[in-house]
Amino acid sequence: MASNTTITVTLHQLSKMIDHSLLHPTMTDDDIVKGLKIARENNVATACVKPYSIPLAKKELAGSGVLVCPVIGFPHGNSTTEIKVAEATDAAKAGGDEIDMVVNVGKVLGGDWEYVTREIRLINKAVTDNRAILKVIFENDYLKPEHIVQLCRICTELGVAFVKTSTGYGFVKQVDGSYNYRGATVKDLRLMRESSGSDVQIKAAGGVRTLDDLLHVMTLGVTRIGATATLAILDEAKSRGIGEVPREVSFRPIKEDGENIEY
């Protein structure tokens with residue numbers, strides 16, 4: 001039950017909202033093992049890993065309730081459909097439980113919806129045929145609202161499990177020459193929830209860094225987030241008295257200025 005600034009949650013519920021992200025290109029195997037330990041000890045939903053790390057993740061997470069979530073076509077989505085299908089198939093067969101795949105952004109912006117639809121259909125089939133589920137990453141920073149709406153409709157028609165805002169690495173060149181990204185915005189999350197079928201879940205990634213951020217996006221219909229700040233979020237939850245018994249907590253809403261998710 002939620003109002004504008006309160007929501008009733010448990011610590012377990014919050015943990016199972018999180019895909020703990022271990023995707024930075026500089027991460028060594030030692031770094032990944034440390035990250036997998038965090039995922040296991042905090043009983044998150046999944047550990048999100050690069051495909052070559054699947055065997056390591058399976059080993060480190062064995063016997064836990066934490067699933068393995070490899071990424072495909074990451075972070076730019078530019079591989080051929082055939083390569084993406086092969087990569088997704090291999091990832092699922094290697095033990096990937098949930099597969100996060102990046103759309104071909106150029107094809108989306110060019111309005112080649114036949115290409116985009118075929119690619120998502122083939123990858124979704126490859127994944128589900130191997131008893132995994134698919135999350136489709138839009139990379140909203142590059143898109144206009146009409147692109148987001150159409151992608152949500154396609155994913156709904158194809159029975160995709162999740163639609164996801166961002167990779168966290170979709171840096172856009174700004175007018176001042178700098179590169180940055182917004183990630184998950186309130187405006188986009190509302191649009192994705194409104195434009196997706198009731199069976200399609202929403203994953204927010206990029207910008208959800210605090211407990212207040214997480215609590216707010218939950219009230220928007222988000223059921224999963226991608227996070228590197230897992231420990232900070234869950235430690236804050238514990239410090240605010242969130243445990244295994246449902247507790248109503250207040251949160252500071254994300255400020256909406258049409259662009260940012262910052263306060």
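Mentor: Start with strands. A strand here is a DSSP run of E with at least two residues, numbered from the N terminus. This is a predicted model.

Trainee: Then where does S250 lie?

Mentor: S250 lies in strand β12, residues 247–250.

Trainee: Why is S250 called partly exposed?

Mentor: Buried means under 20% relative accessible area, and exposed means over 50%. S250 has 47%, so it counts as partly exposed.

Trainee: What does S250 touch, leaving out residues up to four places away in sequence?

Mentor: T5, T6, D212, L215 and R240. Contact needs heavy atoms within 4.5 Å. K58 is another matter: its C-alpha atom is separated from that of S250 by 37 Å, and the two are 192 residues apart along the chain.

Trainee: Next, the barrel. Which strands close into it?

Mentor: Eight strands, in the order β2-β3-β4-β5-β6-β7-β10-β11, with parallel pairing. The twist averages 25° from one strand to the next.

Trainee: What makes β5 and β6 a pair?

Mentor: Pairing takes at least two bridges between the strands. Strand β5 (residues 98–102) and strand β6 (residues 133–137) have five, so they pair, in the parallel sense. Within this pair, I99 stands opposite L134 in β6. Helix α4 (residues 81–93) packs on the sheet and touches β4 (67–72) and β5. The direction of α4 makes about 165° with that of β4.

Trainee: Now D19. Is D19 buried or exposed?

Mentor: Buried. Its relative accessible area is 0%, and the cut-off is under 20%, so the label holds. D19 lies in strand β2, residues 18–22.

Trainee: How do you know that D19 and T46 make a polar contact?

Mentor: The limit for the N or O atoms is 3.5 Å. The side chains of D19 and T46 are joined at 2.8 Å. The side chains of D19 and K203 are joined by a polar contact too, at 2.7 Å. Beyond its neighbours within four places in sequence, D19 is in contact with several residues, among them A45, E98, K135 and R224.

Trainee: What makes E98 and R224 a salt bridge?

Mentor: A side-chain nitrogen of Lys or Arg must come within 4 Å of a carboxyl oxygen of Asp or Glu. Here N to O is 2.8 Å, so the pair qualifies. The pair links distant parts of the chain: E98 is in strand β5 and R224 in strand β11 (residues 222–227), 126 residues apart. Both E98 and R224 are buried.

Trainee: Which residues are linked in a network of salt bridges?

Mentor: D19, E98, D100, K135, K164, K203 and R224. By this rule the salt bridges come to 16.

Trainee: Why does the salt bridge of K84 and E119 tie together parts of the chain?

Mentor: The two side chains meet at 2.8 Å, N to O. K84 lies in helix α4 and E119 in helix α6 (residues 113–128), so the pair ties together parts 35 residues apart in sequence. Both K84 and E119 are buried.

Trainee: And K125 with D129: buried, partly exposed or exposed?

Mentor: Partly exposed. K125 has 48% relative accessibility, so it falls between the cut-offs of 20% and 50%. D129 also has 48%, and it too counts as partly exposed. Their closest N and O atoms are 2.7 Å apart, and they form a salt bridge.

Note on methods: Residues are numbered from 1 along each chain as its sequence is written. This is a predicted model: local features need pLDDT of at least 70, side-chain atom pairs count only at pLDDT 80 or more; totals for chains, interfaces and linings use all residues. Side-chain values use heavy atoms; hydrogens and water are left out. Helices (H or I, at least four residues) and strands (E, at least two) are DSSP runs, numbered from the N terminus. Buried means under 20% relative accessible area, exposed over 50%, partly exposed in between (1.4 Å probe, protein chains only). A polar contact is a pair of N or O atoms within 3.5 Å; within protein, one must be able to donate a hydrogen and the other to accept it, and residues adjacent in sequence count only if both atoms are side-chain atoms. Axes are lines fitted to C-alpha atoms, for helices over the stretch in contact, and angles run from 0 to 180 degrees between N-to-C directions.
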